[in-house]
Amino acid sequence: MKSSLSVVSKFLPSMVVIFASVVTEDAAQAALLSLPAPLHFDAGPLGKLNVQGVASAYGMWQDNAFAGSGTPGNKTASADISNGLVMISKTDDMLQFGVQAGAYNIITLGAPFASTGSFTQNTFSALPTAYIEFAPSSHFNIQVGKLFTLTGDEYTFSYQNWNIERGLLWGQENAIVRGLQMNYSHGPVTASLCWNDGFYSDRFNWLSGMITYAVDGKSSIFFQGDANLGHTYFVSAPLATAASQNNEQIYDIGYTREDLI
């Protein structure tokens with residue numbers, strides 16, 4: 001079993017909300033679609049590259065559709081591609097990179113369904129993550145580009161989660177950011193610091209950080225923090241940029257344990 005306990009405090013311009021959650025989940029179900037080992041091939045001057053991919057679909061039925069017409073959220077039943085992604089990465093040498101491209105749909109509890117094409121277009125585009133990494137040593141690296149957020153207890157894409165509709169806390173967290181991130185690890189300690197655009201706002205006034213301590217081979221404790229250092233009301237992507245959340249502060253203290261019996 002995998003168990004995690006997290007307490008999250010979020011500070012919005014007009015209110016303070018405190019969330020607490022305890023989650024226990026079977027380790028075999030943590031990743032709904034476990035990806036196979038990547039394929040490797042020699043790309044000449046680029047060196048050895050790793051390639052992975054995922055293809056999945058979903059079907060939906062609901063008895064209380066949202067008002068309106070023309071979207072899956074207004075229908076009693078619908079089906080669509082949920083993931084059609086290819087991942088290419090280079091993970092050796094001093095200069096590395098990672099790219100993820102394709103279509104995807106992030107189904108969220110309490111929100112109307114959108115078609116996969118519309119969701120991809122109005123969130124992070126068909127190139128949701130893409131970064132270049134400078135790794136001068138095995139303990140330190142710098143990444144710049146479109147990165148996964150440091151904050152939160154849930155992964156971004158549905159194939160990474162056994163609960164594809166997430167929980168209510170998901171809507172308070174950002175998912176993918178554009179920015180620059182530094183990562184350091186030594187022994188049981190891992191730390192990251194990122195300057196980014198928060199909720200994909202294209203306004204670079206967010207600072208994010210995370211520090212993790214591995215207690216042993218199966219358990220760890222972590223602290224995450226995210227904050228808008230100013231105020232931002234520019235909407236870069238309609239389904240990704242939330243004006244209120246983009247001006248929040250969020251802190252997450254957590255404990256994770258693998259194979260808890």
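**Strand pairing and salt bridges**

Arg 203 is partly exposed, with a relative accessible area of 36%. This value, like the others reported here, comes from a predicted model. The salt-bridge partner of Arg 203 is Asp 202, with the closest N and O atoms 3.9 Å apart. Asp 202 has a relative accessibility of 32% and therefore also counts as partly exposed, since the partly exposed class runs from the 20% limit for buried to the 50% limit for exposed.

The search of the whole structure returned five salt bridges. One of them joins Asp 197 to Arg 178, with a closest N to O distance of 2.9 Å. This pair links distant parts of the chain. Asp 197 lies in the loop between strand 10 and strand 11, whereas Arg 178 belongs to strand 9. The two residues are 19 positions apart. Both Asp 197 and Arg 178 are buried.

A further salt bridge brings together the side chains of Arg 257 and Asp 216, at 3.6 Å from N to O. Arg 257 sits in strand 13 (residues 249–257) and Asp 216 in the loop between strand 11 and strand 12 (219–228), so the contact ties together parts 41 residues apart in sequence. Asp 216 is partly exposed, because its relative accessibility is 40%. Lys 90, Asp 92 and Asp 93 form a network of salt bridges.

Strand 9 (residues 176–186) runs antiparallel to strand 10 (residues 189–196), with eight bridges between them. Within this pairing, Gln 181 faces Cys 194 of strand 10. The two strands make a hairpin with two residues between them. Gly 187, in the turn, has a positive phi of about 60°. Strand 10 also pairs with strand 11 (residues 206–214), again antiparallel and over eight bridges. Here Cys 194 stands opposite Ser 208 of strand 11.

Strand 3 (residues 39–42) and strand 4 (residues 48–61) are antiparallel and share four bridges. Leu 39 lies opposite Val 51 of strand 4. Five residues separate the two strands of this hairpin. Gly 44, in the turn, has a positive phi of about 65°. Strand 4 pairs in turn with strand 5 (residues 77–90), in the antiparallel sense and over 12 bridges. In this pairing, Ser 78 of strand 5 is the bridge partner of Met 60.

How values were computed: Residues are numbered from 1 along each chain as its sequence is written. This is a predicted model: local features need pLDDT of at least 70, side-chain atom pairs count only at pLDDT 80 or more; totals for chains, interfaces and linings use all residues. Side-chain values use heavy atoms; hydrogens and water are left out. Two strands pair if DSSP finds at least two bridges between them. A salt bridge is a side-chain nitrogen of Lys or Arg within 4 Å of a carboxyl oxygen of Asp or Glu. Buried means under 20% relative accessible area, exposed over 50%, partly exposed in between (1.4 Å probe, protein chains only).
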